[in-house]
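Hi everyone, thanks for coming.

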There are 4 protein chains.
Amino acid sequence: MELRIGVIGTGAIGEDHIRRITNVVAGAKVVAVSDINVENAKRIAEEYNSVFYETGEQVIHSKEVDAVVIASWDPTHAHFVLECIKASKYVLCEKPLATSAEDCKKITEAEIACGKHLIQVGFMRRFDKGYKQIKSVIESGKIGEPLMLHCIHRNRIPGPKHTTVMSIKNSVIHEIDVIRWLLGEDYKSAQVIIPKSTRLAEEGLKDPQIILLETQSGVRIDVESFVNCQYGYDVQCEVVGEKGTVRLPDPANVRMRLKGVNSYEIYPDWSDRFIEAYDIEFMQWVNSVKQETLFGPSAWDGYVACVTADACTRAREEGSIVPIMMPKRPAFYDNEERGKRL
Amino acid sequence: MELRIGVIGTGAIGEDHIRRITNVVAGAKVVAVSDINVENAKRIAEEYNSVFYETGEQVIHSKEVDAVVIASWDPTHAHFVLECIKASKYVLCEKPLATSAEDCKKITEAEIACGKHLIQVGFMRRFDKGYKQIKSVIESGKIGEPLMLHCIHRNRIPGPKHTTVMSIKNSVIHEIDVIRWLLGEDYKSAQVIIPKSTRLAEEGLKDPQIILLETQSGVRIDVESFVNCQYGYDVQCEVVGEKGTVRLPDPANVRMRLKGVNSYEIYPDWSDRFIEAYDIEFMQWVNSVKQETLFGPSAWDGYVACVTADACTRAREEGSIVPIMMPKRPAFYDNEERGKRL
Amino acid sequence: MELRIGVIGTGAIGEDHIRRITNVVAGAKVVAVSDINVENAKRIAEEYNSVFYETGEQVIHSKEVDAVVIASWDPTHAHFVLECIKASKYVLCEKPLATSAEDCKKITEAEIACGKHLIQVGFMRRFDKGYKQIKSVIESGKIGEPLMLHCIHRNRIPGPKHTTVMSIKNSVIHEIDVIRWLLGEDYKSAQVIIPKSTRLAEEGLKDPQIILLETQSGVRIDVESFVNCQYGYDVQCEVVGEKGTVRLPDPANVRMRLKGVNSYEIYPDWSDRFIEAYDIEFMQWVNSVKQETLFGPSAWDGYVACVTADACTRAREEGSIVPIMMPKRPAFYDNEERGKRL
Amino acid sequence: MELRIGVIGTGAIGEDHIRRITNVVAGAKVVAVSDINVENAKRIAEEYNSVFYETGEQVIHSKEVDAVVIASWDPTHAHFVLECIKASKYVLCEKPLATSAEDCKKITEAEIACGKHLIQVGFMRRFDKGYKQIKSVIESGKIGEPLMLHCIHRNRIPGPKHTTVMSIKNSVIHEIDVIRWLLGEDYKSAQVIIPKSTRLAEEGLKDPQIILLETQSGVRIDVESFVNCQYGYDVQCEVVGEKGTVRLPDPANVRMRLKGVNSYEIYPDWSDRFIEAYDIEFMQWVNSVKQETLFGPSAWDGYVACVTADACTRAREEGSIVPIMMPKRPAFYDNEERGKRL
């Protein structure tokens, strides 16, 4: 039996997910779509043989819809997720779960009240082969206890209307989640360093930034965020342990010897870099929904990431080291322990 | 509408394809299985919720079956493929298409007589990202005309009952097909060199072997075949053009700095190395069957590969350079031209 | 005519330099040695066919000695360098130039008073092929203006009696000098982060440490210092510019495919890693002394490095961001401009 | 005491060696030069403060000359080497030792008659760090017995007046020597394959060529020779053993991420690629001459390389597999055993 999915938001990433569910994921199909850009949503509904709905609420409450994917404008995420909880439907919500920690908190409270794990947040890096290998190496004990992580997150050029705050809230939030998942512990402080800005960024944008995080056990993390690096989309991550290090490989592209250099391509965009992670994320989400046991990143993970990103933003604004007050995890999310969930 | 697939042969690779069709490929399901090992086939039928049939013929002619996958014992391939043609059903046949060139020829004649392209041969490397990138580089003209290819095909250890002839007919046949596809031309001569054999091979096995091929335009290819290399499964391919070279990357595994070395894992088996190629092969085959336009490797490709492998075997036995008499391609297979089909 | 060199200090590095001058460097020979470990110094004098002197002062003032190499205990450096200035003899002093900024200042004042550039400090990384290539890439403008540097300085295990402060003053001081040379500008602030310490360090040692530096134009640098990393001696340096990045290669060691991994050796020690840099440093120093025009790192470079290391140490002790008050460069050292000197 | 060297031949490579002896090698100086291009030789004599002689014979027999370097036109090598034997002087002769096996044989006979090892042939690859590491790995037994070698020897463009025969006699001769040294055994057959020629070579030149060699124990070697590869100077060598492989690294140049690719430079010329090997070759030769015990490649090595290159040439001309009749090694050269000499 195929899982019938409704997709709210048919912009670039929403349409990509519709294509993915239709062509790549076994056992699922898109039956309903909605977007504020009605014309485009209708075109996509037709192309993918699904039904256009006027509102996201209609998608969520439709009897034809078993589960929901939210890929709409960030400020609408919280509302739609809460609506899914009301309808008691599984939902995969693109990051961020909400644009404020307060809203994230409300969502977790509603999920607890409903008594069922319904929410998965779109932190797809947990499904990337490289990050999974790193986690496996850490857990094997081969490199000893992790002491430091050095991370790089570079975009060739930013999306339209990119702001200094978005570099953390929409981009580095991926590192915030995946590192916490790799280490199995929460953060306790944040600091942001602002290097000389590139002249190739739009005026007013602070780019690059360096985010410094400290975990509760004292592991130190530095994340370079650089959204105008010009040369490609480049994500790097090295974990330094007591006895050795492990790091993400570059994607495997052919090696060329030509014109005096040995080279390989660096992808221009995140969609190429993480295409397999997205595919696996959706395949596993569909299967886990069918088995009624989610194991991807939870609402709690979305909440904690939001709290951390907020602290980083404050640290940047104040130019100081900011302690992170992590909310106490309710028992409902206890299966969040390392190894229990993904 | 899901494509209903019957699978003949439920050994290791057959079962893997059943899992793939069920869990990974969108829009298809396994409805029928058959194998001479009845007990195992029944177990698999139950596990994957499909029906066990006593014979392959029954699978092929079942009204419940839209298309067939053949993964049975090599000597049975030709018979089942011919039966699929009789039933006018699409078939994906694992390599080799047949164990003799004569049988391959019969298959192409039957397909021509039936007037419809029904057959795809399981040369999955054409779906591997690395080989596709190499083909794209060649066709871009960046490295000029190809002049030489240096290829490596190493297995950690061979399967049971491996023989000297199987190194070519079951293993190097992948290179035979994929190089011909990369270059868009056929071979005209073959030679086989037998180096000192490893003491770690079973007695009587000539291992390694070096296969030398020449294309009709004069491109020279060397393929090292080494089925007892001990350290892992390793496939390499470098195309040397007039202006530069392009080569397969190693699979992207994490980089470790530990105990005095910088290292990354080499996969132990072909199933890890080419898992994505198999997935894509099946996804695209299912889609192309639904659209009734195959574009993967054809019966003609299977025939030509068999003729070439036979010539290599004779070259090895005779210790001489053997000219390859390529059959003339019927008009029916004319869309085989470079770029027309995959 | 061979340059006659006196060497003060015949410990590990001193003896290595004696071997280097004797066997590797053209146009120079060691004629005089001295050390507080008299027995060992006498043995070395005999082995290398040179003369043992009771004191460093005797070496410096000997008529047989044209130029001096100082490789003695750090606290003696300043005294011997000043003595060389008195004797008006060229001197290559191992880093650090002195153990206090005050002493460094005295040395530069004495050198200015004597009116002749006599002093070179042993910052051999400026002679390393990789760093020279990085400098050349920066100056080519290919990667745009540098914005950030990410550096790693790891030792397998520390030398005996290693202390937290030595990680900066004796080890990271190499980065302090070479980065300033790469960028052609001085620092303006320092911060030190102390991650969770490895359990494999001696008790009381803070290891690893992360040193954060800011240049006057706003370039931000992070240097990981880890003296107990266990796996080898590893120096990395990546410069991130507005349009691209450039980084040091690992040393070229053979690639092995063995036991499931593709690997290459990481050197265990700095002496292997930088052996060629030391060789070139000495060759070029000997030639520049003969031509009476030094172009390696000057007393001023040694002074500035010491001031910066002191600031880092204070930053670590205070746990704060410390502004670096750089002394004003006297006109005498004006040829220190980027490109004028090495 | 400095070794006083006479250099015969002051073309590109001769002048480079003069610079090397003067500036890089400790304990030696050039005191005499000679060349048929008198004007250039005089200029060089003046620049390097040495004496110009009308003839090579005068250089060899001069009382001012302790040892001789021959870098003149290939056909003159044999004569000058024989003259050095007459004068009982040590000589480092650039490869080839002679242009015919007959002349090589005469040289070995003369050296035996004189009773003293005087001759070293300029096969500098034996001094390359990468090849030395490969030899060390083979001898460690880590990869088991060697079974195959895959070698690449590519030049960006050939020197002037390059011919098909020179690709083997002047270029692949380096592989012929170094592989024999790596394996510690001689060859027994040769074959040459001529792929489609590049259109970027001068008319009439067969380029690339593939040389196939077989050692007496059955190890098989393929060497791609490609003198017009356009992209750079590229030497590769992989030894495949029973349990693993070892291969030369590319030279360590900085890694750049720029304009969509990760790249590093491949040197344009052999002089950059092997500069350190040449330096070490000369340093060690000077030291071994001073100690009167040569351990670099001997006249016998030069003879055997010539015999092998001749067989390859015949194999190419005849298009057949040619057995190599190796002369029996006289007892005088018995210290040629693996490990005894370099």
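Before we start, one term: a salt bridge here is a side-chain nitrogen of Lys or Arg within 4 Å of a carboxyl oxygen of Asp or Glu. Please also keep in mind that this is a predicted model.

With that in hand, how many salt bridges does the rule find across the interface of chain D and chain A? There are four. One of them links the side chains of A:Arg257 and D:Asp250, with 2.9 Å from N to O. The rule also picks out twelve residue pairs in polar contact across this interface, with both residues at pLDDT 80 or more.

Which elements of chain D give two or more residues to the side that touches chain A? They are β11 (234-241), β13 (255-258) and β14 (261-265). Of these, β14(D) gives the most, with five residues. Sorted by type, the residues on that side of chain D are five nonpolar, four polar and six charged.

Now let's look at β14 itself. Strand β14 of chain A, residues 261-265, is joined to β14(D) by five bridges, and the two strands run antiparallel. If you follow the pairing, you'll see A:Glu265 standing opposite D:Val261.

Finally, the overall contact. On each side, 15 residues take part: 15 of chain D touch 15 of chain A. About 1,200 Å² is buried between the two chains, and carbon and sulfur atoms give 48% of that. In chain D, the residues losing the most area to chain A are D:Tyr231, D:Arg257 and D:Asn262, which together make up 47% of what that side buries.

Thanks, and I'm happy to take questions!

Methods. Residues are numbered from 1 along each chain as its sequence is written. Chains are lettered from A and ligands numbered from 1 in the order in which they are written. This is a predicted model: local features need pLDDT of at least 70, side-chain atom pairs count only at pLDDT 80 or more; totals for chains, interfaces and linings use all residues. Side-chain values use heavy atoms; hydrogens and water are left out. Contact means heavy atoms within 4.5 Å. Buried area is the accessible area (1.4 Å probe) that two parts lose on being put together, summed over both. A polar contact is a pair of N or O atoms within 3.5 Å; within protein, one must be able to donate a hydrogen and the other to accept it, and residues adjacent in sequence count only if both atoms are side-chain atoms. Helices (H or I, at least four residues) and strands (E, at least two) are DSSP runs, numbered from the N terminus. Ala, Val, Leu, Ile, Met, Phe, Trp, Tyr, Cys and Pro count as nonpolar, Asp, Glu, Lys and Arg as charged, and the others, Gly among them, as polar. Two strands pair if DSSP finds at least two bridges between them.
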